[in-house]
Amino acid sequence: MGFLLIVAACGLATFIAAWLVRRFSPHASGSGIPHVEVVLHEQVPPAPYGLGLVKFVGGLLAIGSGLALGREGPTVQMGANIAVGIGRVFGRAWPDCRVLLAAGAGAGLATAFNAPIAGAVFVLEELVQRFEHRIAIAALAASATAIAVARVLLGDAPDFYVGPLNYASAETRGLYFVFGGFAGLLAIAYNHALLMSIAVTERFARVPAEVRAGVIGAGVGLLTWFAPDLVGGGDGITQRTLTGAGTLALVSAAFLARFALGAVSYAAGAPGGLFAPLLVLGAQSGLLFGAACHMALPSLDIQPEGFAVVGLAAFFTGVVRAPLTGIVLVTEMTANVTMLLPMLGACFAAMLVPTLLRNPPIYDSLREHTLRRERLIQEKAHESS
């Protein structure tokens with residue numbers, strides 16, 4: 001009975017999350033960051049006010065049911081939606097609302113990961129993709145204010161604890177470039193898996209979206225019963241990986257499981273982001289690579305946990321192609337600066353390999369998918385009218 005209850009509860013929660021999206025706010029599907037980007041680039045109008053509530057409740061249900069989704073996607077889109085709403089209340093024109101939207105999105109990311117500088121950098125590097133003084137000032141102010149409030153409620157501790165790490169020696173620095181290239185290849189594979197899972201679910205377009213999501217949620221509930229530590233956003237997995245806990249066999253199995261679970265979870269169409277699942281895979285791939293180097297080169301001073309920290313930024317960079325955001329985000333989340341130089345080298349290689357292989361950043365692909373979905377929404381609205 002307990003098994004059936006868990007499977008049914010996870011399936012029902014995901015079903016309701018997808019139903020809320022389809023019924024009340026189709027813009028709330030998935031991460032929400034691609035939608036914020038197309039609004040900032042004036043390709044579609046801002047979402048209605050109801051998006052924030054759907055994103056909040058739907059995100060709680062989807063992530064709470066065990067889907068491998070991050071909280072940052074909902075917080076970014078909710079922050080942007082709230083900011084635009086404030087601009088409209090005060091009668092501001094679109095140029096001012098656009099600045100507020102970008103600042104609200106940055107505050108959402110900053111709050112999700114307790115990383116104020118990363119929130120502002122993310123706005124300029126990924127959302128706007130150029131430096132604009134007004135947006136930079138507003139993003140810094142919004143992120144700083146959001147963190148000041150959040151830390152009063154949640155405390156000042158960074159998201160992840162990392163033990164003492166040695167500075168990388170000259171003999172080991174080349175390994176971080178090699179690892180960055182390896183992370184770039186993994187990122188390409190993950191991007192393909194994510195887009196393929198979305199395409200597979202869309203082949204069943206005749207089946208209601210909430211039914212498809214419910215089936216995925218029930219499958220995650222099945223995994224939850226047998227391996228509860230593998231599901232959800234994954235912060236606990238990331239923390240254990242950063243401390244080197246678990247055997248290599250267990251970490252390898254968990255990496256494969258999370259790799260597949262992240263792609264399938266996003267295809268459910270429920271509210272949820274990509275950042276937290278990426279951090280899990282980055283830390284695990286780094287720990288595995290560092291452990292392999294430690295065994296192959298025992299004479300060198302290699303700490304696998306250092307590679308796990310570098311992996312957080314390298315894998316994120318390979319998938320998103322936002323190296324500054326990745327480096328600053330990981331530095332703030334771990335409160336560790338020892339691995340800054342290795343992170344620079346690894347992120348360079350992780351960005352170079354997918355670029356040379358002409359694999360687009362994941363948010364570019366998702367942005368195109370968002371625009372296609374927006375056109376369908378507008379066509380349906382036109383037909384109903």
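How far apart are the closest N and O atoms of the salt bridge that R98 forms with E132? They are 3.1 Å apart, in a model that is predicted. The pair links distant parts of the chain, since R98 belongs to helix α5 while E132 sits in the loop between α6 (116–128) and α7 (133–154), 34 residues away. Both R98 and E132 are buried.

**Salt bridges**

- The structure holds nine salt bridges, and one of them joins the side chains of E210 and R22, with an N to O distance of 2.8 Å.
- Because E210 lies in helix α9 and R22 in helix α1, this pair ties together parts of the chain that are 188 residues apart in sequence.
- Another salt bridge joins R367 and D364, whose closest N and O atoms are 2.8 Å apart, and here both residues lie in helix α16, three residues apart, which is about one turn of the helix.
- An α-helix has 3.6 residues a turn, so residues three or four places apart point the same way.
- R367 counts as buried because its relative accessibility of 16% falls under the 20% limit, while D364, at 23%, counts as partly exposed.
- Salt bridges that share partners join E37, D364 and R367 into one network.

- The largest pocket holds about 960 Å³ of space, and of the 32 residues that line it, S29, E202, A209, R212 and R373 lie nearest its centre.
- The elements that give two or more residues to this lining are α1, α2, α8 (173–202), α9 (209–226), α11 (248–267) and α16 (362–384), and α16 gives the most, with nine residues.
- By type, the lining of the largest pocket divides into 16 nonpolar, nine polar and seven charged residues.
- The second largest pocket holds about 350 Å³ of space and is lined by 17 residues, with F56, R71, P74, T75 and M78 lying nearest its centre.
- At least two residues of the lining of the second largest pocket come from each of α3 (51–64), α4 (72–89) and α5 (94–113), and this lining divides into nine nonpolar, six polar and two charged residues.

**Nonpolar cores**

- The largest nonpolar core has 96 residues, and F113 and F275 have the most contacts inside it.
- Helix α13 (residues 304–320) gives the most to this core, with eleven residues.
- Leaving out residues up to four places away in sequence, F275 touches I33, E72, L109, F113, F122, F316, L329 and Y363.
- A second, separate core has six residues, among them V21, A47, L51 and V54.

- Helix α2 (residues 33–40) is mostly covered, with eight of its eight residues buried, including I33, E37 and L40.
- Just after α2, E42 takes a positive phi of about 60°.
- S31 is found in the loop between α1 (2–24) and α2, and S31 counts as buried because its relative accessibility is 0%.
- Apart from neighbours within four places in sequence, S31 is in contact with K55, G73, P74, Q77, Y266, G272, G273 and Y363.

Definitions and conventions:
Residues are numbered from 1 along each chain as its sequence is written. This is a predicted model: local features need pLDDT of at least 70, side-chain atom pairs count only at pLDDT 80 or more; totals for chains, interfaces and linings use all residues. Side-chain values use heavy atoms; hydrogens and water are left out. Buried means under 20% relative accessible area, exposed over 50%, partly exposed in between (1.4 Å probe, protein chains only). Helices (H or I, at least four residues) and strands (E, at least two) are DSSP runs, numbered from the N terminus. Contact means heavy atoms within 4.5 Å. On a 1 Å grid over the protein atoms alone, a cavity is a set of points where a 1.4 Å probe fits but cannot get out, and a pocket is an open set with protein on both sides within 12 Å along at least five of seven lines; lining residues have an atom within 4 Å of a point. Grid points are joined across faces, edges and corners, and a volume is the space filled by probe spheres set on the points. Ala, Val, Leu, Ile, Met, Phe, Trp, Tyr, Cys and Pro count as nonpolar, Asp, Glu, Lys and Arg as charged, and the others, Gly among them, as polar. A nonpolar core is a set of buried Ala, Val, Leu, Ile, Met, Phe, Trp, Tyr and Cys residues joined through side-chain atoms within 4.5 Å. A salt bridge is a side-chain nitrogen of Lys or Arg within 4 Å of a carboxyl oxygen of Asp or Glu.
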